[in-house]
Amino acid sequence: MPGTCDTAGSGAPDPAYTAPPARRVFVDPQGPVMVEGPIEIALEDGTVVRSDRFMVAVCTCRRSRTYPWCDTSHRRRARAAPPPEDGNP
């Protein structure tokens with residue numbers, strides 16, 4: 001359950017646990033995920049990268065040369081146009 005932590009392993013929430021403040025995440029379907037910082041990201045190889053900025057752009061397309069940070073590389077390639085709603089090209 002969000003906001004609780006089972007520290008005793010009993011399945012019951014620890015009444016002394018205080019949840020950390022929630023981070024706000026903004027999802028842009030045409031671009032990066034924007035996260036209120038500072039943040040740390042654990043990469044697939046186990047390394048952890050950190051940004052202390054107040055707002056961080058996280059790459060979701062993997063085109064960035066600075067992955068996992070977005071460098072706006074997604075703007076250089078055209079995305080496939082969605083199909084017309086009426087079915088006619």
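**Sheet, core and cysteines of a predicted model**

An open sheet of three strands has the order β1-β2-β5, with antiparallel pairing. This is a predicted model, in which local features need pLDDT of at least 70 and side-chain atom pairs count only at pLDDT 80 or more, while totals for chains, interfaces and linings use all residues. Residues are numbered from 1 along each chain as its sequence is written, and side-chain values use heavy atoms, with hydrogens and water left out.

Biologist: What is the bridge partner of F26 in β2?
Modeller: Three bridges join β1 to β2, and these strands run antiparallel. The partner of F26 in β2 is M34.

Biologist: Which residues make up the largest nonpolar core?
Modeller: A nonpolar core is a set of buried Ala, Val, Leu, Ile, Met, Phe, Trp, Tyr and Cys residues joined through side-chain atoms within 4.5 Å, where buried means under 20% relative accessible area (1.4 Å probe, protein chains only). The largest has six residues: V33, V35, I39, I41, V56 and V58.

Biologist: How far is the sulfur of C70 from the closest cysteine sulfur?
Modeller: A disulfide is a pair of cysteine sulfur atoms within 2.5 Å, and the structure holds zero disulfides. C70 counts as buried because its relative accessibility is 17%. Its sulfur is too far for a bond from the closest one, in C59, because the distance is 5.7 Å.

Note on methods: Buried means under 20% relative accessible area, exposed over 50%, partly exposed in between (1.4 Å probe, protein chains only). Two strands pair if DSSP finds at least two bridges between them. Helices (H or I, at least four residues) and strands (E, at least two) are DSSP runs, numbered from the N terminus.
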